[in-house]
Amino acid sequence: MFSKKTNPYKVFVASVFFVLVVCNALGLLFSHFSHNFAQLFALLNTRFYSRLVHYFHVVGTLGSLFYFVRASRHNVLAPKLVALGSCVGFMYLAFLDSPGFFLWGAYGLLFGTLWGLWTHYARIPLLLKFAPSLNTYIIWLFACGFQTYLYPQCVGLDFALFILGFIGLMSLVAKHKEYLGFYEYANLLVLCASLVVFMLCAPVIVHPESARRAFFWLGVLAWVGEWMHESMRAHFV
C-alpha cells in the first residue's frame, strides 16, 4: 500500500479529492469575499455535503458487496471477512448515520495510519494488505484540518490533535521521501493550499461538521478501495 506507482484507482481518488477541494475552496472564498455569495458555503455544508456523505455510504456498501461476491470464488478468507464487515457497516450508516462517530473515528484512523506509515507494518505482514496509503492519510488530515483557525472556537483537543497529526506528516515526509510520488506531492500541495484558505476564511467556517465528515468518508472509501483494488489485481486477475 506504500507504492509510489500510479494506477487508475489512485488517479481516480486523487481526481475526486481535487475536485471536491476546489469546490470547497471556491465556496469558502466566495462566501468570505463576496456579499452576494455569503451563504454559498453554508448551503454546501448543510445540503450538498450531508447528501454526499449518504452517497458515500451507499457506494461503500455496493463496492464492498461487489468485492465480497468476487472474493467468494477464491480462497482469500481475511479480505472476504473484512469486505463483509465493511458492507454491513456501510449499510448500517446508509440507513442510520451516526455523526458522533466522526470525530474520534477520524482521529483514530489518522494516528493509526501515521503509526503504520512510520513502522511500515514490517512486523505484521497481514496488516500490510489493509494498510492505508499516504494519500488516504492526507485526505483524513484534510478532514481533521477543517477548523476555524485563529478564532476562539478553534481551541481544545480537536485542534491539538490536528496539529500533532500535521507535524507527524511533515516529519514523515522529511525522513521518508521514498513514500512520495507525483500524486503524493500533488495532494500535499493541495492540503497546504487548503489550510491557507481555511485560515483566510475562518469567519465563514461555522459548524463545518458535514463538510468534515464528507472528506473523512472519502478517505474511508479510498482506504477500502485501495486494498480491494490491490487484492483483486493479486488474486482475481
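Axes are lines fitted to C-alpha atoms, for helices over the stretch in contact, and angles run from 0 to 180 degrees between N-to-C directions. The legends below describe a predicted model.

**View 1. Helices H2 and H3 pack side by side.** The axes of H2 and helix H3 (residues 77-95) lie 8 Å apart, at an angle of about 155°. Angles over 145 degrees count as roughly antiparallel, so H2 is roughly antiparallel to H3. The crossing of H2 with H3 is left-handed. From H2, the contact uses His54, Phe56, His57, Val58, Gly60, Thr61, Ser64, Leu65, Tyr67, Phe68 and Ala71. From H3, the contact uses Pro79, Lys80, Ala83, Leu84, Ser86, Cys87, Phe90, Met91, Leu93 and Ala94. By class, this contact of H2 with H3 holds 14 nonpolar residues, six polar and one charged.

**View 2. Ser64 sits in helix H2.** Is Ser64 buried or exposed? Its relative accessibility is 0%, so Ser64 counts as buried. The residue belongs to H2. Set aside neighbours within four places in sequence, and Ser64 is in contact with Ala83, Ser86, Cys87, Phe90, Val224 and Met228. Ala83, Ser86, Cys87 and Phe90 are also among the H3 residues in the contact with H2.

**View 3. Helices H1 and H2 meet.** Helix H1 spans residues 8-33, and helix H2 spans residues 40-71. Their axes are 9 Å apart, and the packing angle is about 160°. H1 and H2 are therefore roughly antiparallel to each other. Their crossing is left-handed. On the H1 side, the contact residues are Leu20, Cys23, Asn24, Leu26, Gly27, Leu28, Phe30 and Ser31. On the H2 side, they are Leu40, Phe41, Leu44, Phe48, Tyr49, Leu52 and Phe56. The contact of H1 with H2 has 12 nonpolar residues, three polar and no charged ones. Phe56 of H2 takes part here, and Phe56 is also listed in the contact of H2 with H3.

**View 4. Helix H1 also packs with helix H6.** H6 covers residues 134-144. The axes of H1 and H6 come within 11 Å and cross at roughly 20°. That makes H1 roughly parallel to H6. H1 passes H6 in a left-handed crossing. Which residues meet? Lys10, Val13, Phe17, Val21 and Asn24 come from H1, while Asn135, Ile139 and Phe142 come from H6. This contact of H1 with H6 divides into five nonpolar residues, two polar and one charged. Asn24 is one of the H1 residues here, and Asn24 is also one of the H1 residues that meet H2.

**View 5. Asn135 in helix H6.** Asn135 is found in H6. Its relative accessible area is 7%, and the cut-off for buried is under 20%, so Asn135 is buried. Beyond neighbours within four places in sequence, Asn135 is in contact with Lys10, Tyr183, Glu184 and Asn187. Lys10 belongs to the H1 side of the contact with H6.

**View 6. Ser194 in helix H8.** H8 runs over residues 182-200 and includes Ser194. At 6% relative accessibility, Ser194 counts as buried. Not counting residues up to four places away in sequence, Ser194 touches Val21 and Phe142. Val21 and Phe142 are also listed in the contact of H1 with H6. Ser194 and Ala25 are 169 residues apart in sequence, yet their C-alpha atoms are 7.0 Å apart in space.

**View 7. Ala78 in helix H3.** Ala78 lies in H3. Its relative accessible area is 28%, so Ala78 is partly exposed. Ala78 and Lys129 are 51 residues apart in sequence. From C-alpha to C-alpha, Ala78 and Lys129 are 9.7 Å apart.

**View 8. The whole chain, for context.** The protein has nine helices and zero strands. Along the sequence, the pattern reads α-α-α-α-α-α-α-α-α. Of the 237 residues, 49% are buried. The accessible surface comes to about 12,100 Å², and carbon and sulfur atoms hold 72% of that surface. Among contacts with a separation of 6 or more, 81% join residues 24 or more positions apart.

Conventions:
Residues are numbered from 1 along each chain as its sequence is written. This is a predicted model: local features need pLDDT of at least 70, side-chain atom pairs count only at pLDDT 80 or more; totals for chains, interfaces and linings use all residues. Side-chain values use heavy atoms; hydrogens and water are left out. Helices (H or I, at least four residues) and strands (E, at least two) are DSSP runs, numbered from the N terminus. Angles under 35 degrees count as roughly parallel, over 145 as roughly antiparallel, 65 to 115 as roughly perpendicular and the rest as oblique. A crossing is left-handed if the near helix is turned anticlockwise from the far one by less than a right angle, and right-handed if clockwise. Contact means heavy atoms within 4.5 Å. Ala, Val, Leu, Ile, Met, Phe, Trp, Tyr, Cys and Pro count as nonpolar, Asp, Glu, Lys and Arg as charged, and the others, Gly among them, as polar. Buried means under 20% relative accessible area, exposed over 50%, partly exposed in between (1.4 Å probe, protein chains only). Accessible areas come from the Shrake-Rupley method with a 1.4 Å probe; for residues, only the protein chains shown count as cover.
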